[in-house]
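Reader: I have the sequence and the model open and want to go through them with you. Can we start with the contacts?

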Amino acid sequence: MSLIPSSLFGGRRTNVFDPFSLEIWDPFQDFPFTSIVQSAPRSEFAKETSAFANTRIDWKETPEAHVFKADLPGLKKEEVKVEIEEGKVLQISGERSKEKEEKNDKWHRIERSSGKFLRRFRLPENAKADEVKANMENGVLTVTLPKVEVKKPDVKAIDISG
């Protein structure tokens, strides 16, 4: 049973109690503020915080690796940076350029986001940060971190006849 409605996160499954997530959520992003507050400019931190929420990333763990997939439509691999900080934090960042405006253009609607984005994930102890691989295909970034192999104890058969 979920205590948080799934509609709060756009219908996507999210675990807000995940100890490995460093995601910053802006609870006031779409809150209808009074006209006094609306006239005040939003801080640079608030703008960056909303950029965190706009970049969707899935993280799954397989028996062999941790796999991160990010939807980055319209971006080239040169516009995306994947970094491992101190062997403990995966950071995915980049910038989506604003569409060039022509003098005679008349915009009716602007919904596609532009600007910088940044997502960070604290890696578990079993991730091999020095063997990270990244691939970008059709606007989907896939980052794979192999897992440390867990050695199984050797089991020896003992002859009890005798």
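Author: Of the contacts in the protein with a separation of 6 or more, 57% are between residues 24 or more positions apart. Contact here means heavy atoms within 4.5 Å.

Reader: What kind of model is this, and what goes into the side-chain values?

Author: This is a predicted model: local features need pLDDT of at least 70, side-chain atom pairs count only at pLDDT 80 or more, and totals for chains, interfaces and linings use all residues. Residues are numbered from 1 along each chain as its sequence is written, and side-chain values use heavy atoms, with hydrogens and water left out.

Reader: Which elements does the protein have, and how do they run from the N terminus?

Author: The protein has two helices and seven strands, and the elements run α-α-β-β-β-β-β-β-β from the N terminus on. Helices (H or I, at least four residues) and strands (E, at least two) are DSSP runs, numbered from the N terminus.

Reader: How much of the protein is buried?

Author: Of the 162 residues, 23% count as buried. Buried means under 20% relative accessible area, exposed over 50%, and partly exposed in between (1.4 Å probe, protein chains only).

Reader: Now the strands. What order does the open sheet have?

Author: The open sheet of four strands has the order β1-β2-β7-β6, with antiparallel pairing. β1 and β6 (133–137) stand at the edges with a single partner strand each, so one side of each is left without a neighbour in the sheet. The twist averages 15° from one strand to the next. Two strands pair if DSSP finds at least two bridges between them.

Reader: How many bridges join β6 to β7?

Author: Five bridges join β6 to strand β7 (residues 140–146), and the two run antiparallel. Asn-135 has Thr-142 as its bridge partner in β7.

Reader: And what do β3 and β4 form?

Author: β3 and β4 form a hairpin with three residues between them. Strand β3 (residues 80–85) is joined to strand β4 (residues 89–96) by six bridges, running antiparallel. In β4, Ile-92 is the bridge partner of Val-82. Glu-86, in the turn, has a positive phi of about 50°.

Reader: What does the side chain of Gln-91 make a polar contact with?

Author: The side chain of Arg-120, at 3.1 Å. A polar contact is a pair of N or O atoms within 3.5 Å; within protein, one must be able to donate a hydrogen and the other to accept it, and residues adjacent in sequence count only if both atoms are side-chain atoms. Not counting residues up to four places away in sequence, Gln-91 touches residues including Lys-81, Glu-83 and Leu-118.

Reader: Different topic. How many aromatic pairs does the structure hold?

Author: Three. Rings of Phe, Tyr and Trp (its six-membered ring) pair if their centres lie within 6.5 Å; planes under 30 degrees apart count as stacked, over 60 as edge-to-face and the rest as tilted. Trp-59 and Phe-121 have ring centres 5.9 Å apart and planes at 75°, so the pair is edge-to-face. Trp-59 lies in strand β1 (residues 57–61) and Phe-121 in strand β5 (residues 115–122), so the pair ties together parts that are 62 residues apart in sequence.

Reader: Which residues form the aromatic cluster?

Author: Trp-59, Phe-68 and Phe-121. Trp-59 is partly exposed, with a relative accessible area of 25%, while Phe-121 is buried, at 5%.

Methods:
Axes are lines fitted to C-alpha atoms, for helices over the stretch in contact, and angles run from 0 to 180 degrees between N-to-C directions.
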